[in-house]
Amino acid sequence: MRDSRGANAWRLARAVLEGRHWRVALVTGLSLVNGFAQGAAILLLVPMLRAAGVPVSAGTVGRIDHVVSAAFQMFGLTATFPAVLIAFVAIAWLQASIERWEIVEGARIEQEVERELRTGLYAAMMAELDW
């Protein structure tokens, strides 16, 4: 029983990848970029908390604040509240756009595979009928 499940899983994976390798890779890449964008947005919260008066100079949070400030300095900026807020909004917009693209492309792949499997099943059923 276990072998047939594994074989079915491999057949489904082949059906998903068949003729759409680059699109599956695109969705996977978008998912990774989306995760990095979410992480960057979370890191930007630390300097915004500092600007709001929350003490963030100690421990891990202090190191995060230092890294984010150094990243801003690489671009010739200081990590002031307006600069961090603009960066946060830009990253949030980028993340939302990537996530939308990922969801739409994933749904397209899913619907194509489903249509192909249904068409194959219907053709197999019709071939077995004795009219």
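Leu77 is partly exposed, at 43% relative accessible area. The model is predicted. Leu77 sits in the loop between helix H3 (59-74) and helix H4 (81-128).

**Nonpolar core**
- The largest nonpolar core has seven residues: Leu44, Met48, Val68, Phe72, Ala79, Val84 and Ala87.
- Helix H2 (21-51), H3 and H4 each contribute at least two residues to this core.
- In soluble globular proteins, nonpolar side chains tend to be buried together.
- Met48, one of the core residues, is in contact with Phe81, Val84, Leu85 and Phe88, leaving aside neighbours within four places in sequence.
- Among these partners of Met48, Val84 is also a member of the core.

**Buried glutamine**
- Gln95 lies in helix H4.
- Gln95 counts as buried because its relative accessibility is 15%, and the limit is under 20%.
- Not counting residues up to four places away in sequence, Gln95 touches Asn34, Ala37 and Gln38.
- With Asn34, the link is a polar contact between the two side chains, at 2.8 Å.

Technical notes. Residues are numbered from 1 along each chain as its sequence is written. This is a predicted model: local features need pLDDT of at least 70, side-chain atom pairs count only at pLDDT 80 or more; totals for chains, interfaces and linings use all residues. Side-chain values use heavy atoms; hydrogens and water are left out. Helices (H or I, at least four residues) and strands (E, at least two) are DSSP runs, numbered from the N terminus. Buried means under 20% relative accessible area, exposed over 50%, partly exposed in between (1.4 Å probe, protein chains only). A nonpolar core is a set of buried Ala, Val, Leu, Ile, Met, Phe, Trp, Tyr and Cys residues joined through side-chain atoms within 4.5 Å. Contact means heavy atoms within 4.5 Å. A polar contact is a pair of N or O atoms within 3.5 Å; within protein, one must be able to donate a hydrogen and the other to accept it, and residues adjacent in sequence count only if both atoms are side-chain atoms.
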